[in-house]
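Hello,

Here is the structure I promised to pass on.

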Amino acid sequence: NWRRGRCSVSVLKGHTDGVMCLQYSETLTHPAFPILITGSYDRTARVWNVETGEEILTMRGHTRAIRALQFDEAKLVTGSMDHTLKVWNWRTGKCVRTLQGHTAGVICLHFDRNVLASGAIDASVKVWNFRTGECFTLRGHRDWVNAVQLWDKPGSPAALAAAQCASVPPATQAAVPPLDPGKMLFSASDDGTIRLWDLTLRTCVRQFTGHAGQVQSIKVMSMACSEPAQEASSSQDSSSS
């Protein structure tokens, strides 16, 4: 469609400096229109109605550039070069909490229902537990941490807990353990490596090497296993014969 000109272009204006990060969602139950949130070197995060191009609100509080953000139905988390992360109610624009601990700029983050991970120029990864308020640090990288991604190992208690948690009423979720075995984290760094961390053990369990330069981004994908289908096919062939 883009190559054939079957598209339209909208320009969203409001930031006064470079835009460094964004997230888009059109699956929120409220509001009904698609939402875009952007973070900028102008130290603000802005919420946009993509249908109209209207800026809904601006969140101010960081003292340096916003380099990373993520939001869900309830909250927005931003990471900044001012060494902090902030948790916002993006519907009202109110800053709910400021997370301090990194000693240099925060340039990546990722959260799920219970855990927030952040990576920074200080070469460390910090893991923040939403349930307990606890924070711990993972050290091993020798340069900037550019990307982090949480991962529940398939079949692990963490993966099962995540599936169950989606159907458990919030009032009863407090009984669920803070971190279940199988809660993992990938991190990528300017030191050219990717590390896999076990968050219950708080240790690096594997290091991936091979890149000749900085690793800027990562994406974890689950691949469907075809072996059961092959086994079933072999079984059918055997029974037929």
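The side chain of Asp82 has a polar atom 3.0 Å from the backbone nitrogen of Thr63, a polar contact (N or O atoms within 3.5 Å, one able to donate a hydrogen and the other to accept it; residues adjacent in sequence count only if both atoms are side-chain atoms). Asp82 sits in the loop between β6 (76–80) and β7 (85–89); strands are DSSP runs of E, at least two residues, numbered from the N terminus. Asp82 is buried, meaning under 20% relative accessible area with a 1.4 Å probe and protein chains only, where exposed is over 50%. Asp82 has no salt bridge (a side-chain nitrogen of Lys or Arg within 4 Å of a carboxyl oxygen of Asp or Glu). The nearest side chain of opposite charge, Lys86, is 5.9 Å away.

A word on the source: this is a predicted model, with local features needing pLDDT of at least 70 and side-chain atom pairs pLDDT 80 or more, while totals for chains, interfaces and linings use all residues. Residues are numbered from 1 along each chain as its sequence is written, and side-chain values use heavy atoms, without hydrogens and water.

Now to the strands. β3 (residues 44–49) and β4 (residues 54–60) run antiparallel, joined by six bridges; strands pair if DSSP finds at least two bridges between them. Arg46 stands opposite Thr58 in β4. Four residues separate the two strands of this hairpin, and Gly53 in the turn has a positive phi of about 80°.

In strand β13 (residues 145–152), six of the eight residues are buried. Seven bridges link β13 to the antiparallel β14 (residues 183–189), where Phe186 is the bridge partner of Gln149.

Best wishes

Terms used:
Lys, Arg positive; Asp, Glu negative; His and termini not counted.
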